[in-house]
Amino acid sequence: MQTAIDQIDDRIYRISTFVPDAAPGGFTFNQFLIDAEEPLLYHTGMRGLFPAVRAAIEQVLPVARLRWIAFAHLEADECGAMNEFLEAAPHAQVAHGELGCVVSLNDQCARPPRPLSDGEVLDIGGASLARRMTEITTPHVPHNWESHMFFEQDSGTLFCGDLLSQVGNGPAVTGDDLLDEAIAAEELFHQTSLGPAVPATYRRLAGLGPRRLAIMHGSSYDGDCPALLRAMADVYEQRFGCGGQNTAAQPLPGQDAAAQPLPGHAGAAGSGPGSAGESR
Ligand SMILES: [Fe+2]
Ligand SMILES: [Fe+2]
């Protein structure tokens, strides 16, 4: 195994470990480090990867400076080393959607997590470089009730976890169309909870207008991100039998399907069902 680190945007780094026997053709496990005034690590990797991920972070900043630990959902590759990082970074706190905190993280974290509501902004930037992480709840997409993502507004980066996973060991960032590779990985792993909310959630994410997709397994994507997300939504409808155009994204407890648009994204949301603000 080898762990690489690449800068994919101004002070945003992709840490990637290629595990040859994790899948036919091998599989990468990626973390993302945002070197902001309050540095944030998105995904910790499994506990077994902790020494390698820690060493990669140390190439950019002392791991003790980490302020935020975040991840898409509770699985070992996303957050297995959560408490190891909390111990190594005494000022760090886990940030996750409210549901994940209530269901699991209030119990599982060595220190209390910071709960975020859908659309809430976690401002981690400094004077010279604004970095603002918008909380996007994505229950059951691609899997797990507590699933969520971050959209960093200034770089246009959507930290989309397991979405659009690919096998193999491609470049850190690609502009190549990932649709066929993502379909192949879905057919190999069957990782997505194929419920009716999947296409609507993909379209809601497309409505944010991301300019880059920071993908957990495989290359990150610099290209027409909304088009790729909408194409994958169509694939889930037409090939995998998920819900139709009028199915709303999965609501959270206490929310109805007519929730308010995300702050700052009403204009970018588009007008179709499942666009931002209409789909929960
Ligand atoms: Fe996962
Ligand atoms: Fe994953």
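Analyst: In helix α4, the buried residues are Glu 98, Leu 99, Gly 100, Cys 101 and Leu 105. A residue is called buried if 20 or more other C-beta atoms lie within 10 Å of its own, exposed if 12 or fewer, and partly exposed in between, with C-beta atoms placed from the backbone. Helices (H or I, at least four residues) and strands (E, at least two) are DSSP runs numbered from the N terminus.

This is a predicted model, in which local features need pLDDT of at least 70 and side-chain atom pairs count only at pLDDT 80 or more, while totals for chains, interfaces and linings use all residues. Residues are numbered from 1 along each chain as its sequence is written, and chains are lettered from A and ligands numbered from 1 in the order in which they are written. The predictor's confidence in each residue is pLDDT, from 0 to 100. Its mean over the protein chain is 91, and 89% of the residues reach 70 or more. Over residues 266–280 pLDDT stays under 50. Where pLDDT is low, the predicted coordinates should not be read in detail.

α4 covers residues 98–108 and lies across β6 (93–97) and β7, at about 115 degrees to β6. Such angles run from 0 to 180 degrees between N-to-C directions, with axes fitted to C-alpha atoms, for helices over the stretch in contact. Contact means that the C-beta atoms of two residues, placed from the backbone, lie within 7 Å. The cover over the buried residues of α4 includes β6, β7 and β10 (148–152).

β6 and β7 belong to an open sheet of seven strands with mixed pairing, in the order β1-β2-β3-β4-β5-β6-β7. β1 (2–9) and β7 (114–116) are its edge strands, each with a single partner, so one side of each has no neighbour in the sheet. On average, neighbouring strands here are turned by 25 degrees against each other, direction ignored. Helix α1 (residues 50–58) also packs on this sheet, where it touches β1, β2 (12–19) and β3 (27–34), and its direction makes about 40 degrees with that of β1. Strands count as paired if DSSP finds at least two bridges between them. β4 (residues 40–42) and β5 (residues 68–70) pair in the parallel sense over three bridges, and Ile 69 in β5 is the bridge partner of Leu 41.

The loop between β11 and β12 holds Ser 165. Ser 165 counts as buried because it has 25 C-beta neighbours inside 10 Å. Among the residues that Ser 165 touches, not counting those up to four places away in sequence, are Ala 182, Ala 185 and Ile 215.

Ala 182, Ala 185 and Glu 186 are the buried residues of helix α5 (residues 179–189). They fall within an arc of 100 degrees when seen down the axis, so they line one face of α5; the arc is taken from the directions from the helix axis to the C-beta atoms. These buried residues pack against α7 (225–238), while the face turned away carries the exposed Asp 180 and Glu 187.
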